[in-house]
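Thanks for coming, everyone. Please bring up the model on your screens, and I will walk you through it.

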Amino acid sequence: MVQHNHFQTFPILKTKRLTLRAIQPEDAEAIFRMRASGRVNQFIPRTNMEEKAAAEELVQRTIAAYKDGKAIGWAGVLRDQQTIIGTCGFNSIDFMNKRAEIGGEMAVDYWGKGIALEAVEAILKFGFNELNLHAIEAKVSPNNKGAIHVLEHLGFQKEAHFKDRIYFKENYL
């Protein structure tokens, strides 16, 4: 049985270097800075954020999805700091089929330091051990070598390669 009790008190996860906590309204500025960066979005078919209000709206949607028991979005914070360096979590959870989709983003200054690996590993453990999920999937651009490396290191296997799945900026990706 999938565990729903984690939607009553937000699950805080800790790793060697990170605290994964609930995304809060005051995180909107850091999220805006990440999503305004062309580098963070280079492998994700979305436009760069142009105003902080878009980040504030995203934060509210993330909080509401958790309250509705549909998703869990964590803010990744270095254990000795308060500012978030990334977001990650289950973008959607299919309780009937015991599956979830994982996703995330990280500020460019923290790429290549093994921090994403640490965060994803903690979230996977939570998903399998606490939510009692059967499968966790990730949709990744084939050009995102860093994310692919993290996922493969953690045991993910490629199941499919979607062609022309997303129409973005007058191109199919």
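First, a term: a contact means heavy atoms within 4.5 Å. Now take contacts in the protein chain between residues at least 6 apart in sequence: 61% of them join residues at least 24 apart.

Some ground rules. This is a predicted model, where local features need pLDDT of at least 70, side-chain atom pairs count only at pLDDT 80 or more, and totals for chains, interfaces and linings use all residues. Residues are numbered from 1 along each chain as its sequence is written, and side-chain values use heavy atoms, with hydrogens and water left out.

Now the layout. The protein chain has four helices and eight strands. Helices (H or I, at least four residues) and strands (E, at least two) are DSSP runs, numbered from the N terminus. The order along the sequence is β-β-α-α-β-β-β-α-β-α-β-β.

Next, burial. Buried means under 20% relative accessible area, exposed means over 50%, and partly exposed is in between, with a 1.4 Å probe and protein chains only. Of the 173 residues in the protein chain, 41% are buried. The chain exposes about 10,700 Å². Carbon and sulfur atoms supply 49% of that area. Areas come from the Shrake-Rupley method with a 1.4 Å probe, and for residues only the protein chains shown count as cover.

Let's go to the aromatics. Which rings form a cluster through ring pairs? They are Phe 7, Phe 10, Tyr 66, Trp 74, Phe 90, Phe 95 and Phe 126. The pairing rule covers rings of Phe, Tyr and Trp (its six-membered ring) with centres within 6.5 Å; planes under 30 degrees apart are stacked, over 60 edge-to-face, and the rest tilted. By this rule there are six aromatic pairs. Look at Trp 74 and Phe 90: the ring centres are 6.1 Å apart and the planes sit at 65 degrees, so this pair is edge-to-face. Trp 74 is in strand β3 (residues 72–78) and Phe 90 is in strand β4 (residues 84–94), so the pair ties together parts 16 residues apart in sequence. Trp 74 is buried, at 0% relative accessible area. Phe 90 is buried too, at 1%.

Trp 74 comes up again with Ile 23. Ile 23 sits in the loop between β2 and α1. Ile 23 counts as buried, at 9% relative accessibility. Leave aside neighbours within four places in sequence, and Ile 23 contacts Ile 31, Val 59, Thr 62, Ile 63, Gly 73, Trp 74, Ala 75 and Thr 87. Take Thr 87: it is 64 residues from Ile 23 in sequence, yet the C-alpha atoms are 7.9 Å apart.

On to the helix pair. How do α1 and α2 pack? Helix α1 (residues 28–36) and helix α2 (residues 52–67) meet at an angle of about 115 degrees, with axes 8 Å apart. Axes are lines fitted to C-alpha atoms, for helices over the stretch in contact, and angles run from 0 to 180 degrees between N-to-C directions. From α1, the residues involved are Ala 28, Glu 29, Ile 31, Phe 32 and Arg 35. They meet Lys 52, Ala 55, Glu 56, Leu 58 and Val 59 in α2. Glu 57 also lies in α2. Glu 57 is partly exposed, at 49% relative accessibility.

Now helix α3, residues 115–130. This helix has 16 residues and reaches 22 Å from first C-alpha to last, close to the expected 22 Å. That expected span is 1.5 Å times one less than the number of residues. Buried residues of α3 include Glu 118, Ala 122 and Phe 126. Thr 15, in the loop between β1 (13–14) and β2 (18–22), contacts Glu 118 and Ala 122, among others beyond four places in sequence. Thr 15 is buried, at 11% relative accessibility. Glu 121, also in α3, is partly exposed, at 35%.

Last stop: backbone angles. Most residues other than glycine have a negative phi. Asn 132 is partly exposed, with 30% relative accessible area. Lys 98 also has a positive phi, near 55 degrees. Lys 98 lies in the loop between β4 and β5 (99–106), and counts as partly exposed at 27%.
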